[in-house]
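User: I would like to go through this structure and ask what stands behind each label. Please set the values against the cut-offs.

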Amino acid sequence: MANKFFPVSIDLNNKNVLIIGAGKIALRKVETLLNYNCSITIITREILEERFLELEKNDKIKVLKNQEFEERFLENIFLVVVATDNEVLNKEISQLCMSKNILVNNITSKDGMNVRFMSIYEKNDIQIAISANANPKKAVEIKNKIKDLFEK
């Protein structure tokens, strides 16, 4: 049976977030996290999206290039996003994070993590978050319908 996730909102203000990987999905996660005033560090063997370099140049994120993940990087980390294309590595890092009670999102698993990103609609003082257990695209579709309702 798959894990059942409890929806909750978390204050990431001034929290340390570690992203492992620098591809398209990692960039999407970073772009979302940038809205929440957290300190973001990227660990990657290679940068697959040039936008990471632009964000680093503008002091939005810190990028450790040509770097393999090491357990020492988890010190003082609140949230980890494992976003490599290596499912085995992602699982190992996720399990390590969970054993240390660190929040972790694993992009290559539906339940090999303890936190999920939701599709978020925000307008003025309203925030609506949608999660879909098996199909994240369905959550985005629902968010867009909500957006249409609010922005008519």
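User: How do you know how many disulfides there are in the whole structure?

Analyst: The model is predicted, and a search of the whole structure finds 0 disulfides. A disulfide needs two cysteine sulfur atoms within 2.5 Å. For Cys38, the nearest cysteine sulfur belongs to Cys97 and is 15 Å away. For Cys97, the nearest is that of Cys38, at 15 Å.

User: Why is Cys38 called buried, and why is Cys97?

Analyst: Buried means a relative accessible area under 20%. Cys38 has 12%, so Cys38 is buried. Cys97 has 0% relative accessibility and therefore counts as buried.

User: What makes Ser119 buried, and in which strand does Ser119 lie?

Analyst: Ser119 lies in strand β6. Its relative accessibility is 11%, and the limit for buried is under 20%, so Ser119 counts as buried.

User: Which residues does Ser119 touch?

Analyst: Setting aside residues up to four places away in sequence, Ser119 touches Ile128, Ala129, Ile130, Ala139, Val140 and Lys143. Of these, Ala129 lies in strand β7, and Ala139 is found in helix α4.

User: How do you know that β6 is joined to β7, and which way do they run?

Analyst: Two strands pair if there are at least two bridges between them. Here 5 bridges join β6 to β7, and the two run antiparallel. Within this pair, Ser119 stands opposite Ile130 in β7, and Lys123 stands opposite Ile126 in β7.

User: What do β6 and β7 form, and what is the phi of Asn124?

Analyst: β6 and β7 form a hairpin, with 2 residues between the strands. Asn124 is in the turn and has a positive phi of about 55°.

User: Why is Ala129 called partly exposed?

Analyst: Partly exposed is the range between the buried limit, under 20%, and the exposed limit, over 50%. Ala129 has a relative accessibility of 43%, so Ala129 counts as partly exposed.

User: What is Ala129 in contact with, and how far is Ala129 from Lys143?

Analyst: Leaving aside neighbours within four places in sequence, Ala129 is in contact with Met118, Ser119 and Ile120. Ala129 and Lys143 are 14 residues apart in sequence, and their C-alpha atoms are 7.9 Å apart in space.

User: Why is Ala139 called buried, and what is Ala139 in contact with?

Analyst: The relative accessibility of Ala139 is 4%, so Ala139 counts as buried, given the limit of under 20%. Beyond neighbours within four places in sequence, Ala139 is in contact with Ser119, Ile130, Ser131 and Ala132. Between Ala139 and Met118 there are 7.6 Å, C-alpha to C-alpha, and the two are 21 residues apart in sequence.

User: What is the volume of the largest pocket, and what makes up its lining?

Analyst: The largest pocket holds about 820 Å³ of space. Its lining has 28 residues, and those nearest its centre are Arg28, Lys29, Phe117, Met118 and Pro136. The elements that give two or more residues to this lining are α1 (24-33), β5 (103-106), β6 (119-123) and α4 (136-150). The largest share comes from α4, with 5 residues.

User: How do the lining residues of the largest pocket divide into nonpolar, polar and charged?

Analyst: The lining of the largest pocket divides into 13 nonpolar, 8 polar and 7 charged residues.

User: What volume does the second largest pocket have, and which residues are the closest to its centre?

Analyst: The second largest pocket has a volume of about 700 Å³. It is lined by 25 residues, and Val8, Ser9, Ile10, Arg116 and Met118 are the closest to its centre. Here the elements that give two or more residues are α1 and β7 (126-130). β7 gives the largest share, 3 residues. By class, this lining has 17 nonpolar, 6 polar and 2 charged residues.

Definitions and conventions. Residues numbered from 1 in each chain as written. Predicted model: local features only at pLDDT ≥ 70, side-chain atom pairs only at ≥ 80, totals over all residues. Heavy atoms only, no water. Buried < 20%, exposed > 50% of the residue type's maximum accessible area, 1.4 Å probe, protein only. 1 Å grid on protein atoms, 1.4 Å probe; cavity = no way out; pocket = protein on both sides within 12 Å on 5 of 7 lines; lining within 4 Å. Points joined across faces, edges and corners; volume = space filled by probe spheres on them. Helix = DSSP H or I, 4+ residues; strand = E, 2+ residues; numbered from the N terminus. Nonpolar A, V, L, I, M, F, W, Y, C, P; charged D, E, K, R; others polar. Contact = heavy atoms within 4.5 Å.
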